[in-house]
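Please keep the model open beside you as you work through the solutions.

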Amino acid sequence: MNTIACSADTSIPAVVDRVLKFRQITALDYQLLKSAILAEPALAEINSSGLNPLFEGLQKGAIWITG
């Protein structure tokens with residue numbers, strides 16, 4: 001039996017870029033983003049990772065929230 005390993009980049013900038021690219025945030029994206037934010041050692045690093053475009057897109061309705 002063969003297994004396939006998935007090595008997705010789960011860093012905050014990678015998740016934010018993916019959400020902005022597809023203009024939707026899935027439950028998996030939300031979990032990855034939450035885990036990445038909680039794993040950050042400093043709040044300054046979180047703020048510099050580009051979360052503002054994500055929040056603005058959500059507020060303006062430009063990003064869909066999917067289940």
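Buried means under 20% relative accessible area, exposed over 50%, and partly exposed in between, using a 1.4 Å probe and protein chains only. The model is a predicted one, in which local features need pLDDT of at least 70 and side-chain atom pairs count only at pLDDT 80 or more, while totals for chains, interfaces and linings use all residues. Residues are numbered from 1 along each chain as its sequence is written, and side-chain values use heavy atoms, with hydrogens and water left out.

**Exercise 1.** Find Arg23 and decide whether Arg23 is buried or exposed.

*Solution.* Start with the location: Arg23 lies in the loop between α1 and β1 (24-25); helices (H or I, at least four residues) and strands (E, at least two) are DSSP runs numbered from the N terminus. Next, take the accessibility: Arg23 has a relative accessible area of 53%, so it counts as exposed. Finally, look at the backbone: phi of Arg23 is near 55°, a positive value in a residue other than glycine. For background, most residues other than glycine have a negative phi.

**Exercise 2.** Describe how α1 packs against α2.

*Solution.* First, the geometry: helix α1 (residues 12-22) and helix α2 (residues 27-39) pack at about 155°, with axes 9 Å apart. Axes are lines fitted to C-alpha atoms, for helices over the stretch in contact, and angles run from 0 to 180 degrees between N-to-C directions. The two helices are therefore roughly antiparallel (an angle over 145 degrees). Second, the residues: Ile12, Val15, Val16, Arg18 and Val19 of α1 meet Asp29, Leu32, Leu33, Ala36 and Ile37 of α2, where contact means heavy atoms within 4.5 Å. Third, the classes: eight are nonpolar, none polar and two charged (Ala, Val, Leu, Ile, Met, Phe, Trp, Tyr, Cys and Pro count as nonpolar, Asp, Glu, Lys and Arg as charged, and the others, Gly among them, as polar).

**Exercise 3.** Which residues make up the largest nonpolar core?

*Solution.* A nonpolar core is a set of buried Ala, Val, Leu, Ile, Met, Phe, Trp, Tyr and Cys residues joined through side-chain atoms within 4.5 Å. Here the largest has 10 residues: Ile12, Val15, Val16, Val19, Ile25, Leu33, Ala36, Leu51, Leu54 and Ile63. The elements giving two or more residues are α1, α2 and α4, and α1 gives the most, with four.

Notes
Parallel < 35°, antiparallel > 145°, perpendicular 65-115°, else oblique.
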